[in-house]
Amino acid sequence: MSPGNSNILDQSVQYLKSVGPKRAESFNKIGIKTIRDLLFYFPSKYLDRTTLLTSSQVYEYSINGFEGEATVIGRVADKEKRRFGNKEILSVKFKDSAGFFECVWFQGAKYFEKYFKEGEIYAISAKPALSKYGEVRFTHPDFDKITDDESQVFHNTGKIIPVYSVKKELKETNIGDLSLRKIISDTVEKYADDLAESLPEEIKKEHNLTDIIPAIKNIHLPQNQKLLEEAKQRFKFEEFFYIEILVALKKHNYGHNLQGVSLSVKTDLVQNFLKTLPFKLTQAQLKVLSEIRKDMERAQPMNRLLQGDVGSGKTIVALISMLIAIDNGYQAVLMAPTEILADQHAKSISKMLNKLSEEFEGRQIKVSLLLGGQKKSVKNKNLEEIEQEADIIIGTHALFESNVVFKNLGLVIIDEQHRFGVVQRAKLQNKGGTPDVIVMTATPIPRTLSMTVYGDLDISTIDEMPKNRIPIRTLLRGEAILPEIYKFIIDKKEEGYQAFIVYPLVAESEKLELKAAETYYKELSETYFQGLNVGLIHGKMNWQEKEEVMLLFAAKKYDVLISTTVIEVGIDIPDANIILINDAHRFGLSQLHQLRGRVGRSDKQAYCILVTKDELAVSSSYKNVNFEYLSPVQLERYKSTIRLQAMVKYISGFKLSEIDLKLRGPGDIFGIKQSGFPELKYGDIVKDTAALIKAKEAAFAVIEDDPHLAKEKNKTIRKNIIEHYSQNINYAKIA
Ligand code: ADP
Ligand code: MG
């Protein structure tokens with residue numbers, strides 16, 4: 001291992017001959033301060049110029065339409081400046097063994113005219129075109145001067161050429177493609193050998209990774225595709241490895257540095273509660289509960305992610321966990337992302353607990369609800385309850401506020417966690433010593449991702465639906481047959497069905513031509529649904545108004561509820577068994593899945609009717625496609641059709657989330673941004689999952705063996721974390 005002369009690498013870029021103070025400043029503006037930074041400014045793409053062609057070969061290929069770039073070597077034969085309006089165009093004619101070709105510059109004619117001298121030899125690379133006289137022509141090509149000097153370095157020819165993104169800050173100081181490539185390649189030549197190895201030898205060996213010096217050289221000046229690929233792999237692995245070291249540290253810190261409380265089943269509270277349930281828990285619910293119970297019994301605080309598809313029965317699991325906390329004399333918090341949902345949880349939980357106290361003796365369990373929109377007097381009363389006597393506290397973001405003081409918080413449960421950022425989560429966690437924490441989500445992310453992105457959490461999965469469910473029937477229909485669908489809703493009312501009708505926006509937006517809930521509420525209740533009771537709910541209402549509507553709907557005072565996506569999350573109304581989603585192509589896949597989850601919560605057949613533009617509904621060319629086999633271009637083109645067809649085909653949220661991942665890329669996926677997982681420079685969380693998992697395993701093994709990175713063999717890791725991942729270190733800190 002080279003000792004590495006890292007002092008030199010920490011010099012400012014201004015230390016380089018080709019970079020004066022002005023240019024140094026423009027590099028600084030884009031975050032390149034030191035020579036090391038420059039070495040780690042990786043190309044955004046590569047051009048393979050390993051094959052040289054003659055001018056006549058280029059001519060032949062060009063007739064058939066030439067893909068990509070060609071490189072030709074020729075001698076300057078002639079130069080000509082032409083005027084074109086008030087612009088000067090330079091044409092330089094080159095001769096090679098097979099004939100002539102031309103290079104054209106529309107800018108910098110004066111400069112290039114001086115630069116190219118007759119008789120000199122150049123290698124020219126660019127995408128070729130044929131002029132109207134049938135000559136091979138290159139416009140603004142890359143070039144290398146070829147001299148007799150054998151030791152000369154070609155920057156632009158005969159190899160795989162790195163292409164760097166030239167930000168506008170650089171352009172302002174006259175740094176273009178060619179000069180940036182030259183600056184970086186000079187830097188690599190001169191300083192790459194001073195880099196110190198940043199991965200432990202053992203890890204490198206085990207995972208077959210290239211050493212840092214050849215890797216950096218091949219990133220910038222690839223010898224061939226194979227070595228380039230290996231170099232890329234090394235840096236991806238390294239990045240994943242260090243981030244997973246942080247994840248592992250976070251997990252370790254949580255488990256070991258925090259003193260939590262040990263909670264166990266003390267009385268027959270939980271047993272009695274189970275007896276009052278009208279159904280048996282599923283195997284999956286029982287399995288998850290036993291994982292939670294084991295965690296609660298340990299003195300180390302629990303930090304667990306509970307995943308389960310919409311309707312899989314997470315709320316009951318949450319409630320039972322809360323009862324265990326209460327059984328030990330602690331308070332439990334259930335936090336929901338919307339006021340409607342918090343309100344609904346409070347009502348249904350109170351109802352279940354009332355049944356418990358009717359059927360069994362025992363102390364009354366006190367439930368308090370805290371919402372931001374509550375009247376001041378109500379809120380103050382609730383705050384007092386929370387401080388003094390509440391057992392179960394349900395609420396929204398309002399629970400974060402500083403005036404909320406808990407008596408003794410033992411358990412925090414966060415519902416639909418993808419709606420909350422990590423920072424918020426930490427805030428609540430901070431409120432009461434170190435309570436146990438469960439975050440629940442119905443937006444499953446594929447296992448490989450949850451393992452790595454939520455690697456600091458233990459994961460429990462409810463992978464089974466309650467037995468009484470009949471799978472929801474999902475239908476895709478064009479707008480033209482809306483009247484028939486309305487009739488279906490009216491007919492089904494006779495069987496006690498209620499229906500949601502969902503629209504994408506609240507107010508009519510001319511620009512998007514989307515239907516608006518308000519307009520359609522009026523229209524539908526005056527026409528098709530004249531004989532039915534129709535309600536309206538939308539996001540512009542305050543929560544009391546929303547609550548009133550939801551209560552009326554739950555009490556079957558409405559047959560149809562016209563709605564925007566406010567009903568998306570968590571709402572549970574068993575008799576609502578039809579959901580009609582308008583402009584379904586406008587919704588994301590996880591949103592559609594959430595919306596569909598609003599129905600099918602009873603033992604009756606439920607329907608999800610996706611209504612879209614007629615042509616999307618009938619285009620059956622992508623029916624029954626296997627999404628695995630579509631190219632990225634096809635995916636892009638047929639996104640909305642694929643989403644809609646996927647909804648028809650799959651009921652499982654896990655399956656849909658995999659498709660969603662393919663369609664959207666990781667940045668957009670619910671839960672990943674919010675997970676606080678650092679942004680990646682080299683790796684792609686989706687495309688490189690295999691490497692990500694290997695890196696995770698390696699990182700976790702290191703931390704398990706040496707949680708303080710104190711061992712000699714882990715010195716490199718420690719040093720590197722401090723020096724190069726400091727901006728991400730906060731991620732590893734715990735609340
Ligand atoms: P989610 O996981 O989407 O939050 P909920 O907790 O709202 O789902 O549960 C959906 C519905 O299923 C509720 O009405 C709940 O009472 C019911 N439920 C939960 N567990 C079971 C079970 N084991 N058997 C039958 N119904 C159940
Ligand atoms: Mg729920």
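This report walks through the overall make-up of a predicted model and then a few of its local features.

## Ground rules

Residues are numbered from 1 along each chain as its sequence is written, while chains are lettered from A and ligands numbered from 1 in the order in which they are written. Since the model is predicted, local features need pLDDT of at least 70 and side-chain atom pairs count only at pLDDT 80 or more, although totals for chains, interfaces and linings use all residues; side-chain values use heavy atoms, leaving out hydrogens and water.

## The chain as a whole

The protein chain has 28 helices and 23 strands; these are DSSP runs numbered from the N terminus, with helices being H or I of at least four residues and strands E of at least two. Of its 735 residues, 53% are buried, where buried means under 20% relative accessible area, exposed over 50% and partly exposed in between (1.4 Å probe, protein chains only).

Contact here means heavy atoms within 4.5 Å. Among contacts between residues at least 6 apart in sequence, 73% join residues at least 24 apart.

## Two helix pairs

Two packed helices are described by the angle between their axes and the distance between the axes. Axes are lines fitted to C-alpha atoms, for helices over the stretch in contact, and angles run from 0 to 180 degrees between N-to-C directions. Helix α12 (residues 283–297) packs with helix α13 (residues 314–327) at about 30°, and their axes are 10 Å apart. From α12 come Gln 285, Val 288, Leu 289, Ile 292, Arg 293 and Met 296, and from α13 come Val 317, Ile 320, Ser 321, Ile 324 and Ala 325. By class, that contact has eight nonpolar, two polar and one charged residue (Ala, Val, Leu, Ile, Met, Phe, Trp, Tyr, Cys and Pro count as nonpolar, Asp, Glu, Lys and Arg as charged, and the others, Gly among them, as polar).

Helix α14 (residues 339–359) and helix α20 (residues 543–554) pack at about 50°, with axes 9 Å apart. That angle makes α14 oblique to α20. Glu 339, Ile 340, Asp 343 and Lys 347 of α14 meet Trp 543, Lys 546, Glu 547, Met 550 and Leu 551 of α20. This contact has four nonpolar, no polar and five charged residues.

## Aromatic rings

The whole structure holds 32 aromatic pairs. Rings of Phe, Tyr and Trp (its six-membered ring) pair if their centres lie within 6.5 Å; planes under 30 degrees apart are stacked, over 60 edge-to-face and the rest tilted. Tyr 111 and Phe 112 make an edge-to-face pair, 5.1 Å centre to centre with 80° between the planes. Tyr 111 counts as exposed at 53% relative accessibility, whereas Phe 112 counts as buried at 15%.

Both belong to one aromatic cluster, whose members also include Phe 94, Phe 101, Trp 105, Tyr 115, Phe 116, Tyr 122, Phe 138 and Phe 143.

## A loop lysine and a covered helix

Lys 33 sits in the loop between α2 (21–29) and α3 (35–39) and is partly exposed, with a relative accessible area of 48%. Leaving aside neighbours within four places in sequence, Lys 33 is in contact with Gln 11, Ser 12, Val 13 and Asn 28. Its C-alpha atom is 8.7 Å from that of Gln 14, 19 residues apart along the chain.

Helix α21 (residues 589–596) is mostly covered, with seven of its eight residues buried. Those buried residues are Leu 589, Ser 590, Leu 592, His 593, Gln 594, Leu 595 and Arg 596.

Notes: Angles under 35 degrees count as roughly parallel, over 145 as roughly antiparallel, 65 to 115 as roughly perpendicular and the rest as oblique.
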